[in-house]
Amino acid sequence: MGVRVDQAGKVTGRSLAKTSKDGPEAVLGQIERLVEKLDPDTTADRVGIGAPGTISEGTVDLAVNLAGWDRPVQVAERLQETLQRPVVIDNDVNMALYAETVLGSAQEVSNVLGVWVGTGVGGALVLDGNLRRSTRGLAGEIGHVAVVGGGNRPHLGAAAVTVAACSCGGRGHLEAYAGRAALERLARAEHSSGRPTQLVELAASSRMTSTIWVEAWANGDAVATELLQQAARATATAITAATTLIDLDAVVIGGGFASRLGSPWRRMVAEIHASQMTIGAPATITGSGIGDNAAAIGAALSARALFDER
Ligand SMILES: [Zn+2]
């Protein structure tokens, strides 16, 4: 998703491209074409990019959810040359949460965690009103915080093997219980063990989409209900740990999957979180105020802010 925004942060153009699975070169080419399409007269004076993964100093160090990105890729420098203007790149959830602090549901709060639940679970952190941009790019990655079993790997003992495996190679991480792709694996495992579920009936051999989850949940499907409750518990547990550590004012739950599950699922997370807070006050939990385009809008706003500072 690419957007063009004006000085006030208003979206004046948007264009959609499905991220290529052919590796870094193909994706960088797509970004160049997206910029050309949105800005044919080259009047936009800077470009911001949000990308999944850990990113530091213009380099995508690790992006487990991008096909073929198996080594660090210097993105900012390369695109600065071809696009002939300043380019900033940061984690997509960092960008999305930044947009929420400027225009969305995290305005005028100091300490905010963003939990973005989509295919995986991304995160971002605002501390004392500023987006936490850590030197190694890891800050806010709540999806890879262990919520079960201490995040241990199999070599630590047989018991650890039963803890859900995460896309990153770890175990017991939030993403392994709340990410859409992980939930699909858990649902198919339930089905294979002999429990019928509408989730598999509706998806057949295709991807188990957010729409399918919403439908099965609304119909009272037992497997969907249990797994979404488990996902809410896992999400609340991670939020409670973060709130206890940092004394968060607010948590914004965004991302495609969580947005489709909507306020009933967020309420479940908020209730469990409140019940878990034995010391201190629970954080206020809200949805994204901007929605699908938050990362792209945040990237543009961030490019504006960063280069204005210089
Ligand atoms: Zn993980």
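Tutor: The discussion below goes from the domains to the core, then to helices and single residues. Please keep in mind throughout that this is a predicted model.

Student: Into which domains is the protein divided?

Tutor: There are two: domain 1, made of 2-96 + 293-309, and domain 2, made of 108-287. Their centres, taken over C-alpha atoms, are 26 Å apart. To the contact between them, domain 1 gives 13 residues and domain 2 gives 16 residues.

Student: Which elements supply the side of domain 1 that touches domain 2?

Tutor: Strand 4 (54-56) and helix 3 (92-102) each provide at least two residues of that side. Helix 3 has the largest share, with 4 residues.

Student: How should I think about the nonpolar core?

Tutor: The general idea is that nonpolar side chains in soluble globular proteins tend to be buried together. In this model the largest nonpolar core has 88 residues, and L97, L199 and V251 touch the most other members. Helix 8 (residues 222-246) contributes the largest share of this core, 11 residues. The core also draws at least three residues from each of domain 1 and domain 2.

Student: Which residues does L199 touch?

Tutor: Not counting residues up to four places away in sequence, L199 touches A187, M208, I212, W213, A216, D221, V223 and A224.

Student: Why does A96 count as buried?

Tutor: One counts the C-beta atoms around the residue, and 20 or more within 10 Å make it buried. A96 has 29 other C-beta atoms within 10 Å and is therefore buried. The residue lies in helix 3. Beyond its neighbours up to four places away in sequence, A96 touches G50, G114, W116, G254, A294, A295 and G298.

Student: Is D90 buried or exposed?

Tutor: D90 counts as buried because it has 26 C-beta neighbours inside 10 Å. The residue is found in strand 7 (residues 87-91). Leaving aside neighbours within four places in sequence, D90 is in contact with G50, I55, M95 and S302. For one of these contacts a distance can be given: the C-alpha atoms of D90 and I55 are 5.8 Å apart, although the two residues are 35 residues apart along the chain.

Student: How does one read the course of a helix?

Tutor: One compares its end-to-end span with the span expected at 1.5 Å a residue. Helix 5 (180-192) has 13 residues and reaches 18 Å from its first C-alpha to its last, close to the expected 18 Å. Helix 9 (residues 256-276) spans only 26 Å between its end C-alpha atoms, whereas a straight helix of 21 residues would span 30 Å.

Student: Where does helix 9 bend?

Tutor: The bend is at G262 and amounts to about 105°; a proline, P264, follows within four residues.

Student: Which residues of these two helices are buried, and what covers them?

Tutor: In helix 5 the buried residues are R180, A182, L183, E184 and A187. Their cover includes helix 4 (175-178), helix 6 (198-203), helix 7, helix 8 and helix 9. In helix 9 the buried residues are F257, A258, S259, L261, W265, R266, V269, A270 and H273. What covers them includes strand 8 (112-117), strand 11 (250-254) and strand 12 (284-287), together with helix 5, helix 7 (210-218) and helix 8.

Student: Which residue with a positive phi follows helix 5?

Tutor: G194 follows helix 5, and its phi is near 105°.

Student: Which residues have a positive phi although they are not glycine?

Tutor: Q84 is one of them, with a phi of about 60°. Q84 is placed in the loop between helix 2 (76-83) and strand 7. With 9 other C-beta atoms within 10 Å, Q84 is exposed. A204 also has a positive phi, of about 50°, and its place is in the loop between helix 6 and helix 7. A204 is exposed, with 7 other C-beta atoms within 10 Å.

Definitions and conventions. Residues are numbered from 1 along each chain as its sequence is written. This is a predicted model: local features need pLDDT of at least 70, side-chain atom pairs count only at pLDDT 80 or more; totals for chains, interfaces and linings use all residues. Domain bounds come from an automatic or database domain assignment. Two residues are in contact if their C-beta atoms, placed from the backbone, lie within 7 Å. A nonpolar core is a set of buried Ala, Val, Leu, Ile, Met, Phe, Trp, Tyr and Cys residues joined through C-beta atoms within 7 Å. A residue is buried if 20 or more other C-beta atoms lie within 10 Å of its own, exposed if 12 or fewer, and partly exposed in between; C-beta atoms are placed from the backbone. The bend at a residue is the angle between axes fitted to the seven residues ending there and the seven starting there.
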